Amino acid sequence: MSSDAVKKRKPKVIRSEAGAPETKRGRAEGDQDVRVYNEEVELEVRDPQQDYMLYKDTCAALAKLMEEIQELKAGGAKVQSVEIEERRTQCSVHFITLKKLNRLAHMRLKKGRDQTHEAKQRVDVLHLQLQNLLYEVMHLQKEIGKCLEFRSQHEEIELVSEEEFFQEAPAEISRPHVTRDDQHQLTLARLDWELEQRKRLAEQYKMSLARKEKIQKAIEQKREYLSSLQPGLQNIMQASLPVQEYLAIPFEHMQKQAEVARHLPPPLYVLLVQAGAYGQACDKNLSVSISGDVDEAKALSRPPEDSQDDESDSDAEEEQQNTKRRRATLGVQLDDKRKEMLRRHPLSLCVDLKCKDGSVLHLFFYYLMNLNILTVKTKVSTTTDLSGAVSAGELLNSESLLNCLYASDHGKETPNPANRYQFDKVGITTFGDYVSDLGHPFVWVQKLGGLQFSSGGAQSGLTGSALSASHMERTMKLLRGRLQARLALHKQFSSLEHSIIPVSSECQHLFPAKVVSGLVRWTTMSCQEFTELGFVQHVLKAGLVHETDLFFMATVERGTARLRAAVVMNPRYPEVAPLFSLSLHWKGERSGRTDDNLQAMESEVNVFRSELQGPRPGLQLLTNQIQRLCVCLDVYLETESQVCDGSEGPKEFPREKMCLRTARGPSRLKPFKYNHPQGFFSHR
């Protein structure tokens, strides 16, 4: 190495405390080159394994150079010789490399310690959170203990005496076979009876208040009418309008309605005339009214020739404008065409069917001009609040209330075959996507409007008013019966959700006086949940389930035995009886497909349903079926033979029902038929 190279000044690298190196500046800082070197940046890109291999190679090279220097000195070479000086220089370079590797190792150690410290801090934070959660758990446990130690205030309620309770309370609430021996159950039963009495009294109080307000309102109206009648009589010679208003003679209203009816489309006009005639002749509780924009309807009543000329002129103007401006996109054009295709007439009809209990079924009829079909929407008004029953949510739903009023009439697709070709032009896949906005195009709605389309079925040959009149009476009776059936089901569901089976006095003779098994749960479920049940697959394969049906799950229990009943309710109830499928959980799981007696129980509620109809129109059918199911479960459990000791019945269920024979035939069928008034059970 030459002396000039040694004497040549090199810039020193100085590292700051933060690890960022900086060059040493001389007296003339501007005269020297500034070079910056950062080992931390280099540390990020260096591989520790490669540094380790470099360390081993450097140590090996250093040892080799030392051996060579030792050999040169032993061979008589001078200390100032070029060979020894070169090897010394190389050794210095290796020492510098080792020092650099040592610094890098220390920096890696410091970085690892920092990372370990950060991880420890995160663990401490998590440990602190764990301690907080444990403290919250301890606090919640204390609160739970306070709740468990809470003393109820039911002791302050003045209940009826036990004698009155057993005399007045029904058997479903009193349960004397349980409450006479269990003081806790007796207290619960008395509280339930007190609640039922208070609910009934509260309902009577509300009804009395409503009746009182109604009477007061009627009295006030009559007072106002009588007080204002004298001025109206004085002006009777001047004009007839005040007389019509004060005497409630709807001459003017009828005249206005007749004037508006001139602008109705033919199907709505036929419906208006026939419904009004039927209401005047046969049903005083039926009323018809017209609603909508009369001015817009008058604009549509222009002669077809003028409208066609105007349409052609407007089309020509639009074509000229389209050449000057940007053409609309295809999607926007299709949307406009769909809206025009599904456009409703500005006038509509409202038919109100009022029942004896004050409930009203509102039917809103619309006419789709381009499709030439009628649609209907529904709304139910009741005098009482019907928001109590959760499982009855779909009963009065406007989307499903009128499903299958006539068999297989779902109202999802248009009955006009020509509409299919119209839909293809504007890209409409199915009319069912627009039913919620436009209404349901039931076939009976078309017939009420005098519309009849060719289909696979037989044609009646009637059209217009004759077709509407031939279907009016039966349809109105079906509509009123549907509303009454749904309202009755709504009340029954409210009781079933409270584990009470409402059996009317007319149907008490169908069941024994004492029924031990009881309904513990009544819930609704979807069609998908129903199809996933294992014990209903035979019903699905038989094609007895449809999407328009309503599905429910009833759970009946007695002791350790639990009977699950999947119920399929057709929209045409009670004309079409509910269908029950059973599954018993007691000493294993059984169903109607694996147990002949469960199949016989299904037959009792499904096949022999005519015995459970009750008074016409059979609105008690569902509750009678559930009550018979409880009776059959009692017979099944009490007559089931005990395999271990051969006794007539399990010790858990003592014999309480009188049976002529406990079993019959190879399948050992049990006697499920109840004979009234003898009070015993026999085989069919």
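In this predicted model, four strands form an open sheet in the order β3-β4-β5-β6, and their pairing is antiparallel. The edge strands are β3 (286-292) and β6 (373-381), each of which pairs on one side only. From one strand to the next, the twist averages 20 degrees.

| Strand pair | Sense | Bridges |
|---|---|---|
| β3 and β4 | antiparallel | 7 bridges |
| β4 and β5 | antiparallel | 6 bridges |
| β5 and β6 | antiparallel | 9 bridges |

Ser289 stands opposite Cys350 in β4. Lys354 has Val360 in β5 opposite it. Phe365 has Val376 in β6 as its bridge partner.

Strands β4 and β5 make a hairpin, with 5 residues between them. In the turn of this hairpin, Gly358 has a positive phi of about 95 degrees.

Is strand β4 largely enclosed or open? Of its 8 residues, 7 are buried, so β4 is largely enclosed by the rest of the structure. In a regular strand, side chains alternate between the two faces of the sheet.

**Helix α15**

Which residues of helix α15 are buried? In this helix, which spans residues 418-426, they are Asn419, Phe423 and Val426. Viewed down the axis of α15, the buried residues fall within an arc of 70 degrees, so they line one face of the helix. Tyr421, Asp424 and Lys425 are exposed on the other side of α15. Just after the helix comes Gly427, which takes a positive phi of about 80 degrees.

**Arg628 in helix α22**

Helix α22 covers residues 621-639 and contains Arg628. The relative accessible area of Arg628 is 6%, and buried means under 20%, so this residue counts as buried.

What does the side chain of Arg628 meet in a polar contact? The partner is the side chain of Glu611, at 3.1 Å. Glu611 is also one of the residues that Arg628 contacts when its neighbours within four places in sequence are left aside.

**The protein as a whole**

The protein has 684 residues, of which 34% count as buried. Its secondary structure consists of 22 helices and 13 strands.

Among contacts in the protein with a separation of 6 or more, 62% are between residues 24 or more positions apart. The accessible surface of the protein comes to about 42700 Å². Carbon and sulfur atoms account for 52% of that surface.

Methods. Residues are numbered from 1 along each chain as its sequence is written. Side-chain values use heavy atoms; hydrogens and water are left out. Buried means under 20% relative accessible area, exposed over 50%, partly exposed in between (1.4 Å probe, protein chains only). Helices (H or I, at least four residues) and strands (E, at least two) are DSSP runs, numbered from the N terminus. The arc is that of the directions from the helix axis to the C-beta atoms. Two strands pair if DSSP finds at least two bridges between them. Axes are lines fitted to C-alpha atoms, for helices over the stretch in contact, and angles run from 0 to 180 degrees between N-to-C directions. A polar contact is a pair of N or O atoms within 3.5 Å; within protein, one must be able to donate a hydrogen and the other to accept it, and residues adjacent in sequence count only if both atoms are side-chain atoms. Contact means heavy atoms within 4.5 Å. Accessible areas come from the Shrake-Rupley method with a 1.4 Å probe; for residues, only the protein chains shown count as cover.
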